[in-house]
Amino acid sequence: MSRTKIYVPRETAAVSVGADEVALAIAQTAKKSGIDIELIRNGSWGASFLEPLVEVEVDGTRIAYGNVAAADVAAMFAADLVNGGAHERCLGPTMEIPYLVNQDRWTFSRCGLINPLSLPDFELHQGFQALTKAFADGSEAVLQTVADSGLRGRGGAGFPTGIKWRTVADAVGEQKYITCNADEGDSGTFSDRILMEGDPLGLIEGMAIAGFAVAASKGYIYLRSEYPLTHSILSRAIDTAREAGWLGDDIQGSGFSFDIELHIGAGSYVCGEETAMLESLEGKKGIVRFKPPLPAHEGLFGKPTVVNNVVTLASVANIINLGGERYAGMGVNRSKGTLAFQLAGNIKRGGLVEKSFGVTLRELIEDWGGGTATGRPVKAVQVGGPLGAYIPASQFDTPMDYEAFTGIGAMIGHGGIVVFDDNADMAELARFAMEFCAIESCGKCTPCRIGSTRGVEVIDKMISGQNCDENYDLLVDLCDTMEDASLCAMGGMTPYPVRSVLNHFAEDFASSEEPKNE
Amino acid sequence: MARIDKDTTSAIVAKFGGKPELLVQIMATIVNRFGWVPEDTIRQLATELNLSRADVHGVVEYYHDFRTEEPGKHIIKICQAEACQAMGSKALTDYAEKTLAMSMHDTENDITLEPVYCLGNCACSPAIMANGKTFGRVDEKRFNAIMDDLRGKA
């Protein structure tokens, strides 16, 4: 009899709620019972609300058990776990879980499915096929395919990837760089992390394709320090790729050389801004640079540099495999393809949902998310991280489309969706937006450095009911200044959440309303 | 945690090829192993990397991770970002401060308590990090269990 495969994710969310203890209990119980199993530490499918999600493979079908605790393991074995036996934790086949079935998995197709550190497993699931195809087709064809796909930067800014790559390819210079921004600092986002923990070789392949397309021989990944488990998985994957000749000199006899260096951040939110990240990669303070010059012309160490987010780079392999038109066929308007939405905060079914653009906020929150975890009504959702607007229920039917969100004074950003129930104090959250900016501002430009501190003070006065009308006007004026005159999105977009609270939840500044009515 | 000595600092610098452009990585390695960067280490790094002390100081002061004071044996970070706020991180923080009889940013009785802005565990909020390990769905009971476990291992 062949060994039964049992999967337990080695992924931050799963491990944070006990997956390591569950894996240990499974190994020990199997040994004690004399059952021969192969324990595989996969990545996460992204259904974080079900973690730890244990799977057992029975006749080629994976049967899922959700929210497993170490204390459940003995009973699960007693209930014939190895044959997918019935147990209260059993959810049936993984591929029949509605949360997962109804997604459009393009970039995250291997997450959860494979052992992230197994090169054979990766190659069995199309791994490195796109890079091989890129070598055969040539860099011009790769640039054209990426442009045809309509892929836009998934870090938040949504800049067309094809144009960025073309600019670097056309830039003059012996040395060019690919830099991967893995400084995923936005609250409510974890798609980069799930990708890097579940399919790190997929990111490596994407970076190598980018390097080949623009003729860069060196890549850097800038990973935030808050992700220690990701660090361990990613560095092992880089070693694996290098040992197998998928990184290094003359990759697979193609004549193309490319290697990756992994850098760790040090707890600065602004280092997620591309030029601050480049400064940090150069060993300096993460202070934002003036633009121009664009990084594509003068980036890392002054050389032409591609700066792309993890998900952007990881999306490219399937675009090469399946064609740019196929990707462009998904989504709506100028928002092509898919985005990995992340349901977070006060939500019943939190996790990652990769879906074509055009899905509405309401579908994500209600159909996938199942409403709030507390069971209370949703009051607001913040989309796009700490610099994103708070959106009221009246706008939940807005389709996920970069331009549609801009139209309502919001942004999709990196796709994080943080849900708040009706207990949320929106005035406090507006204050927090300014406070966070004051803590994290790099200090280079005045509107951000000083404006954020003044913003906290003004909001404090409004909350305590001092000169509310005047302070309201002052806050709007301050938001205008920060938005128009800041050097980067930190100061330039902190007004988004603040204004959205003023526009949609002004009643939470209760004391500010009263004087107006006098 | 042992205090970093001169030879270890030199060895870490050598491991990174003595390259000044790897200052952030060198510093991160030091803080990961020793918890903080003492003043004499800053001087030594400046000398060995051929940087000005102001440059090294600037980097140390800029990044939240680079402590200039010795932390406790156990470092507890409680996420203060929006997703965790939506699930009661403020109440959890209050509870932690009360039961540990200390405030954020303080070090008391071998424990350092710090805020952190997102651990990327936002679907399992509220989240904390204890000695480099992330924990999710942390309520008061679970917080106590994590602390008991840490102290037991001490």
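Domain bounds here come from an automatic or database domain assignment. I'm working with a predicted model, so I keep an eye on confidence as I go.

**Chain B, domains**

The assignment gives domain 1 as 6-62 and domain 2 as 74-153. I then took the centres of domain 1 and domain 2 of chain B over C-alpha atoms, and they are separated by 29 Å.

**Chain B, helix 1**

Next I went through helix 1, residues 6-15 of chain B. Which of its residues are buried? I get Thr9(B), Ile12(B) and Val13(B). These three sit on the same side of helix 1 of chain B, because they cover an arc of only 100° around the axis.

I checked the face turned away from the buried side of helix 1 of chain B, and it carries the exposed residues Asp7(B), Ala11(B), Ala14(B) and Lys15(B). The cover over the buried residues includes helix 2 (23-34) and helix 3 (39-49) of chain B. After helix 1 of chain B comes Gly17(B), and I noted its positive phi, near 70°.

**Where B meets A**

How many residues does each chain put into the contact? I have 36 from chain B and 44 from chain A. On the chain B side, helix 2, helix 4 (53-62), helix 5 (82-85) and strand 5 (133-135) each supply at least two residues. Helix 2 of chain B gives the largest share of that side, five residues. Sorted by class, the side of chain B that touches chain A has 23 nonpolar, nine polar and four charged residues.

**Chain A, Ala47**

I picked out Ala47(A), which lies in the loop between strand 2 (37-40) and strand 3 (54-58) of chain A. Buried or exposed? Ala47(A) counts as buried, because it has 24 C-beta neighbours inside 10 Å, and the cut-off is 20 or more.

Leaving out residues up to four places away in sequence, I find Ala47(A) touching Leu53(A), Ile97(A), Tyr99(A), Leu100(A) and Gly351(A). I also checked Leu352(A): it is 305 residues from Ala47(A) along the chain, yet their C-alpha atoms are separated by 6.3 Å.

**Confidence in chain A**

Chain A averages a pLDDT of 96, and 98% of the residues score at least 70. Over residues 512-518 of chain A, though, the pLDDT is below 50. I still count nine contacts for that stretch in the model, beyond near neighbours in sequence. Where pLDDT is low, the predicted coordinates should not be read in detail.

Definitions and conventions
Residues are numbered from 1 along each chain as its sequence is written. Chains are lettered from A and ligands numbered from 1 in the order in which they are written. This is a predicted model: local features need pLDDT of at least 70, side-chain atom pairs count only at pLDDT 80 or more; totals for chains, interfaces and linings use all residues. Helices (H or I, at least four residues) and strands (E, at least two) are DSSP runs, numbered from the N terminus. A residue is buried if 20 or more other C-beta atoms lie within 10 Å of its own, exposed if 12 or fewer, and partly exposed in between; C-beta atoms are placed from the backbone. Two residues are in contact if their C-beta atoms, placed from the backbone, lie within 7 Å. The arc is that of the directions from the helix axis to the C-beta atoms. Ala, Val, Leu, Ile, Met, Phe, Trp, Tyr, Cys and Pro count as nonpolar, Asp, Glu, Lys and Arg as charged, and the others, Gly among them, as polar. pLDDT is the predictor's confidence in each residue, from 0 to 100.
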